[in-house]
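Please look at the sequence and the structure as I put them up.

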Amino acid sequence: MSYRNSLQIMTDVLDSASIHGQDGATKANLMQKANLSHSRLTTFLENMTSSGLINNIIYHGGHTYVLTSKGIQFLSEYRKFVDIADSFGLEM
């Protein structure tokens, strides 16, 4: 069994949010897609919103999470880095 590091978990959350586009993803969506508990997801979301990678939009008492342009750029650059690492036989 392979464990994910924090960077891999963060990219899983961002990937999950990107699937929902501008409509945004709920915590339940993100928990399921990124395979995280509520408390662990909350910690990651707090870090990512403060870093400007994801926006927390509140409407009708509910929270929705939408990727920012910075988050989209981060995912793109991370994927490039993983591809380069893979080409050298390095595991992330």
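When I speak of contact, I mean heavy atoms within 4.5 Å. This is a predicted model, in which local features need pLDDT of at least 70 and side-chain atom pairs count only at pLDDT 80 or more, while totals for chains, interfaces and linings use all residues. Residues are numbered from 1 along each chain as its sequence is written, and side-chain values use heavy atoms, with hydrogens and water left out.

The protein chain has 4 helices and 2 strands, where helices (H or I, at least four residues) and strands (E, at least two) are DSSP runs numbered from the N terminus. Their order along the sequence is α-α-α-β-β-α.

Let me begin with α1 and α3. On the α1 side, Ser6, Ile9, Met10, Val13 and Leu14 meet Arg40, Leu41, Phe44, Leu45 and Met48 of α3. By class, this contact of α1 with α3 has 8 nonpolar, 1 polar and 1 charged residues, with Ala, Val, Leu, Ile, Met, Phe, Trp, Tyr, Cys and Pro counted as nonpolar, Asp, Glu, Lys and Arg as charged, and the others, Gly among them, as polar. Helix α1 and helix α3 (residues 38-51) pack at an angle of about 85 degrees, their axes being 11 Å apart; axes here are lines fitted to C-alpha atoms, for helices over the stretch in contact, and angles run from 0 to 180 degrees between N-to-C directions. The two helices, α1 and α3, are therefore roughly perpendicular to each other, a label that covers 65 to 115 degrees, whereas under 35 counts as roughly parallel, over 145 as roughly antiparallel and the rest as oblique.

Asp12, Val13, Ser16, Ala17 and Ile19 of α1 meet Leu30, Lys33 and Ala34 of α2, and the contact of α1 with α2 has, by class, 5 nonpolar, 1 polar and 2 charged residues.

Turning to the strands, β1 (residues 54-59) and β2 (residues 62-67) run antiparallel and are joined by 6 bridges, pairing being assigned if DSSP finds at least two bridges between two strands. They form a hairpin with 2 residues between them, and His60 in the turn has a positive phi of about 50 degrees. Tyr59 stands opposite Gly62 in β2.
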